[in-house]
Amino acid sequence: KPVLRSEITKEIERLGPQAAQMPAQLLFPRVLDHMVATRLVSEAGYAKGVQNSPEVKEQLARLEKEIVAQTYIRQTVEPLITEDKIKAKYDESVKQFKAEDEVRARHILIKAGPDAEAKAKAILKEVKDGADFAKLAAEKSDDNGSAKQGGDLGYFPRGEMVKPFAEAAFAMKKGQVSDKLVKTDFGYHIIKVEDARKSAPPSIDSVREQIKNALGQEMTVKIVQEMVSKAKVERFNLDGTPIEAAKPEEKKPEEKK
């Protein structure tokens, strides 16, 4: 009996965005093996008539209700998320956006340890003598992540870095290299500031999916609340006694005026 590639693809989609980040050559065979095992075990269950048991029927009924509810909400909400609503939501967030000072810097990190300070000072001297900062960072920095980019940390606000590093970077001018080593819990840093700017809000395209999700959640809550308000719902405690509906708070005399 075939296990179709389309079935595996749908299963991978159900696993969510984290799974999608895994290399396909690793994820695909794992999902395939899981589906083969599930198919074999389920066939054994069908042969024993497990599908007719009350436990299976109860779970299927529960799952059907959940799937129908989710599909109904999706089919109802998706057409309501128009480009105009996305643009309006984006414009609202831009109005609330507060620009921050940012700098773009490179660094060379020498991790704390024996002779670390002496090693860092020797590298700083090379920089001061005219050596290429990016090349030195790629060759000698202990920050493996940024070393591959010549020590480039990109743009960052003051609060994103540890205090000694941020204070040093934001006190420097464009093109300046730190006069002395900057010590943090990570070790010794040599810093070069490449640029300074005010932060800007993200583009609408970069946050489109986030906005759509936010709008969808807001609309879903509104739809469900409206359904609940129109329905006759009786609620009971664990002991079977009725749960009294919350009464509106009595307004104070000064609030009634």
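A polar contact is a pair of N or O atoms within 3.5 Å; within protein, one atom must be able to donate a hydrogen and the other to accept it, and residues adjacent in sequence count only if both atoms are side-chain atoms. The structure shown is a predicted model, in which local features need pLDDT of at least 70 and side-chain atom pairs count only at pLDDT 80 or more, while totals for chains, interfaces and linings use all residues. Residues are numbered from 1 along each chain as its sequence is written, and side-chain values use heavy atoms, with hydrogens and water left out.

Histidine 107 is located in strand 1; helices (H or I, at least four residues) and strands (E, at least two) are DSSP runs, numbered from the N terminus. Histidine 107 has 4% relative accessibility and therefore counts as buried; buried means under 20% relative accessible area, exposed over 50%, and partly exposed in between (1.4 Å probe, protein chains only). Its side chain forms a polar contact of 3.1 Å with the side chain of histidine 189. Contact means heavy atoms within 4.5 Å. Not counting residues up to four places away in sequence, histidine 107 touches several residues, among them Phe133, Asp143, Phe165, His189 and Ile190.

The strands follow the order 2-1-4-3, and their pairing is antiparallel; two strands pair if DSSP finds at least two bridges between them. Strand 2 and strand 3 (182-184) form the edges, each with a single partner strand, so one side of each has no neighbour in the sheet. From one strand to the next, the twist averages 45°. Angles run from 0 to 180 degrees between N-to-C directions, and axes are lines fitted to C-alpha atoms, for helices over the stretch in contact. Helix 7 packs on the sheet, where it touches strand 1 and strand 4, and its direction makes about 45° with that of strand 1. Helix 9 (residues 163-170) lies across strand 1, strand 2, strand 3 and strand 4 and runs at about 155° to strand 3.

**View C. Strand 1 and its two partners.**
Strand 1 and strand 4 run antiparallel and are joined by 11 bridges; alanine 196 in strand 4 is the bridge partner of valine 103. Strand 1 also runs antiparallel to strand 2 (residues 152-157), to which 4 bridges join it. Here glutamate 102 stands opposite proline 157, and the bridge partner of arginine 104 is tyrosine 155.

**View D. Aspartate 152 in strand 2.**
Aspartate 152 lies in strand 2 and is buried, because its relative accessible area is 18%. A polar atom of its side chain lies 2.8 Å from the backbone nitrogen of glycine 154. Leaving aside neighbours within four places in sequence, aspartate 152 is in contact with Arg104, Ala105, Arg106 and Ser146.

**View E. The largest nonpolar core.**
A nonpolar core is a set of buried Ala, Val, Leu, Ile, Met, Phe, Trp, Tyr and Cys residues joined through side-chain atoms within 4.5 Å. The largest one has 14 residues, and those with the most contacts inside it are Ile108, Ile123, Val127, Phe133, Val177, Leu181 and Ile190. At least two residues of this core come from each of strand 1 (101-111), helix 6 (116-128), helix 7 (133-140) and strand 4 (187-198). Helix 6 gives the most, with 5 residues. Isoleucine 190, leaving aside its neighbours within four places in sequence, is in contact with residues including Ile108, Ile123, Phe133, Val177 and Leu181.

**View F. The crossing of helix 1 and helix 3.**
Helix 1 (residues 5-14) and helix 3 pack at an angle of about 105°, and their axes are 10 Å apart. The two helices are therefore roughly perpendicular to each other; angles of 65 to 115 degrees count as roughly perpendicular, under 35 as roughly parallel, over 145 as roughly antiparallel and the rest as oblique. Arg5, Glu7, Ile8, Glu11 and Ile12 in helix 1 meet Leu27, Phe28, Val31, Leu32, Met35 and Arg39 in helix 3.

**View G. Arginine 39 in helix 3.**
Arginine 39 lies in helix 3 (residues 24-47) and, at 24% relative accessibility, counts as partly exposed. Its side chain is joined to that of glutamate 7 by a polar contact of 3.3 Å. Leaving aside neighbours within four places in sequence, arginine 39 is in contact with Lys1, Pro2, Val3 and Glu7. Arginine 39 and lysine 1 are 38 residues apart along the chain, and their C-alpha atoms are separated by 9.4 Å.
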